[in-house]
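Work through the exercises below with the model open. Try each task before reading its solution.

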Amino acid sequence: MMKTIFYAGIAIFCFSWTGKNIIAPGYAYLLYSDKYIDLAGQCANAMDETWFIEQKGNDILNKTAQIHLLSCHEYDVTRKIMLSLGLNEDVLSYLGLRALEVHQRSTEEFVQQHRFNER
């Protein structure tokens, strides 16, 4: 009887450990990785654009920029969900680098923001 309880306890522990450390993080990666990459790119672009808009001092554009920053909130929520499901911080860093590769902007886009519009 004790031997059966011991084996049942070991089996429950193994299933629990596998679910927490392998299945849940794998599920989080498969379900959220594409969304995370898209949101990371959107948030990075929103922060860049917001900074340039704030430099111009236009209130109407500033309100639009603040709405554009909502993608950063969605990015943060998705990141927290992935972390809570046990995905490693290193994997999230890798996905962030992938987002930079996927959402690369040309040099011309960066240069255009720094060109004088008026003199």
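Predicted model: local features only at pLDDT ≥ 70, side-chain atom pairs only at ≥ 80, totals over all residues.

Residues are numbered from 1 along each chain as its sequence is written, and side-chain values use heavy atoms, without hydrogens and water.

**Exercise 1. Find the aromatic pairs and classify them.**

Step 1. Apply the rule: rings of Phe, Tyr and Trp (its six-membered ring) pair if their centres lie within 6.5 Å; planes under 30 degrees apart are stacked, over 60 edge-to-face, the rest tilted. The count is 2 aromatic pairs.

Step 2. Take Phe 6 and Tyr 7. Their ring centres are 5.9 Å apart and the planes meet at 55°, so this pair is tilted.

Step 3. Take Tyr 36 and Tyr 75. This pair is tilted too, at 5.2 Å centre to centre and 35° between planes. Tyr 36 sits in helix 1 (residues 2–56) and Tyr 75 in helix 3 (residues 70–84), 39 residues apart. Helices here are DSSP runs (H or I, at least four residues), numbered from the N terminus.

**Exercise 2. Which residues of helix 4 are buried, and which are exposed on the other side?**

Step 1. Set the cut-offs: buried is under 20% relative accessible area, exposed over 50% (1.4 Å probe, protein chains only).

Step 2. Leu 92, Leu 95 and Ala 99 are buried. Seen down the axis of helix 4, they fall within an arc of 55° (directions from the axis to the C-beta atoms), so they line one face.

Step 3. Asp 90, Leu 97, Leu 100 and Glu 101 are exposed on the other side of helix 4.

Technical notes: Helix = DSSP H or I, 4+ residues; strand = E, 2+ residues; numbered from the N terminus.
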